[in-house]
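Hi,

Here is the structure I promised to pass on. Have a look at it first, and then read my notes below.

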Amino acid sequence: MTSARIYALACISLAVLTACGKDEVAPAQHAAAEAPSNESFDMADVATREIHLADEIVDPDANEPLASDDEDAIDVPAATPADSIVLADTPGEVTFRTMQTSSLRATHAQAMFADELARHNREARRQAELGSPEPAAPDANASSSNAAIAASSTPAAQDSKPPTQPAAPIDEKKILADPLGQWASSATASSTYAQTTGDKAGYSAWQATGTPNVSRYSDDPAAWTSKSGDSKAPEWLEVKFAKAVYATGLRIRQSAAPGAISKLELLDADGASHEIWSGTDTTPYEKNTIGWLVQEFPKTSFVVTGARITLATARVWGWNEIDAVQLVGEP
């Protein structure tokens with residue numbers, strides 16, 4: 001039940017009791033009383049509002065006017081509208097005390113309002129049990145236009161996803177000085193953007209060996225990149241290490257368009273592959289900055305001699321370049 005519905009019924013009930021029998025009401029006021037309202041309101045404030053309604057009030061659920069005041073009239077003491085509505089103990093809940101009246105029209109209106117109010121109170125109790133806050137009272141100075149009402153009642157759009165938290169900065173000096181780390185000594189790849197046939201040509205797989213030598217985020221021939229920047233088929237880079245170790249980590253320095261790596265595998269002494277991760281790289285890479293994909297894992301039960309890095313290059317636009325690969329482990 002909306003607040004507007006409660007308000008409309010409150011107007012009917014209280015107005016019949018306080019304004020019954022008035023000769024005439026201005027057409028504009030009559031139209032305003034019958035028109036549905038989108039305005040929210042404070043139930044405690046209903047009794048203090050000034051209400052003017054026409055003598056003949058139409059039941060919203062019927063096509064005929066309610067019974068005339070003259071039908072089945074009895075003489076009873078009058079009650080004041082302010083005594084009819086009081087706040088209950090539960091936040092948002094309101095108690096309605098029926099007022100004695102000689103008007104069948106007023107009796108019917110009170111019954112309608114009491115029924116709607118009971119629904120309102122059930123919802124108020126439910127919200128109280130859930131610990132939901134009460135809606136804020138409307139601003140008395142707020143505009144009554146439909147646009148203003150819509151703007152004030154529409155909740156602010158919220159992001160469906162939580163904000164990305166920046167990744168902890170990578171200390172490259174610490175990586176370079178890690179006594180348990182070793183850089184790739186040789187490499188092969190599914191394809192290369194190299195324009196010449198030499199083993200050490202720019203963009204060739206060999207460029208991913210040794211210590212990092214790309215100084216900043218950029219398209220640099222000192223890194224490996226595949227022939228196509230956005231291939232539908234997976235691309236891969238396979239590197240070998242001079243010393244076989246029981247591995248605990250793999251670090252990959254991506255010098256351009258990071259984030260396309262889709263699978264990591266370790267190669268044992270027999271050449272068998274062991275997948276350690278696959279999926280979508282969700283590392284929050286800073287824009288236009290060299291990105292490290294660091295994968296740590298429990299120490300392997302087999303010695304590792306190499307690694308295969310698979311890329312879904314179409315995931316990140318442009319050529320995805322890898323400058324260096326480091327394996328972490330102990331003999």
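This is a predicted model: local features need pLDDT of at least 70, side-chain atom pairs count only at pLDDT 80 or more; totals for chains, interfaces and linings use all residues.

**Overall build**

The protein chain has 5 helices and 10 strands. It runs to 331 residues, and 37% of them count as buried. If you look at contacts in the chain with a separation of 6 or more, 77% are between residues 24 or more positions apart. For the surface, the chain exposes about 19500 Å², with carbon and sulfur atoms supplying 51% of that.

In soluble globular proteins, nonpolar side chains tend to be buried together. Here the largest nonpolar core has 28 residues, and the members that touch the most others are Leu237, Ile252, Ile309, Ile322 and Val325. Strands β5, β6 (261–268), β9 and β10 each put in at least two residues, and β5 gives the largest share of this core, with 7 residues.

Skipping residues up to four places away in sequence, valine 325 touches Gln182, Trp183, Ala184, Ala208, Leu237, Val239, Phe241, Leu250, Arg251, Ile252 and Ile309. Arg251 in that list turns up again in the next part.

**Salt bridges**

How many salt bridges does the count come to? The total is 5.

- Aspartate 178 pairs with arginine 251, with the closest N and O atoms 3.0 Å apart. Aspartate 178 sits in the loop between α5 (172–176) and β3 (181–183) and arginine 251 in strand β5 (residues 235–256), so the bridge ties together parts 73 residues apart in sequence. The relative accessible area is 18% for aspartate 178 and 15% for arginine 251; the cut-off for buried is under 20%, so aspartate 178 counts as buried and so does arginine 251.
- Arginine 253 pairs with aspartate 323, and here the closest N and O atoms are 2.6 Å apart. Arginine 253 belongs to strand β5 and aspartate 323 to strand β10, so parts of the chain 70 residues apart in sequence are tied together. Both arginine 253 and aspartate 323 are buried.
- Glutamate 330 meets lysine 299 at 3.5 Å, N to O. This pair also links distant parts of the chain: glutamate 330 is in strand β10, and lysine 299 is in the loop between β8 (291–296) and β9, 31 residues apart. Glutamate 330 is partly exposed, at 38% relative accessible area.

There is also a network: Glu172, Arg253 and Asp323 are joined through salt bridges that share partners.

**Threonine 313**

Is threonine 313 buried or exposed? Threonine 313 is in the loop between β9 (304–311) and β10 (321–330), and with 1% relative accessibility it counts as buried. Its side chain comes to 2.8 Å from the backbone nitrogen of serine 231. Apart from neighbours within four places in sequence, threonine 313 is in contact with Ser226, Ser228, Gly229, Asp230, Ser231, Glu235, Ala260 and Asn320. So serine 231 shows up both as the polar partner and in the contact list of threonine 313, by the 4.5 Å heavy-atom cut-off.

Cheers

Conventions. Residues are numbered from 1 along each chain as its sequence is written. Side-chain values use heavy atoms; hydrogens and water are left out. Helices (H or I, at least four residues) and strands (E, at least two) are DSSP runs, numbered from the N terminus. Buried means under 20% relative accessible area, exposed over 50%, partly exposed in between (1.4 Å probe, protein chains only). A polar contact is a pair of N or O atoms within 3.5 Å; within protein, one must be able to donate a hydrogen and the other to accept it, and residues adjacent in sequence count only if both atoms are side-chain atoms. Accessible areas come from the Shrake-Rupley method with a 1.4 Å probe; for residues, only the protein chains shown count as cover. A salt bridge is a side-chain nitrogen of Lys or Arg within 4 Å of a carboxyl oxygen of Asp or Glu. A nonpolar core is a set of buried Ala, Val, Leu, Ile, Met, Phe, Trp, Tyr and Cys residues joined through side-chain atoms within 4.5 Å.
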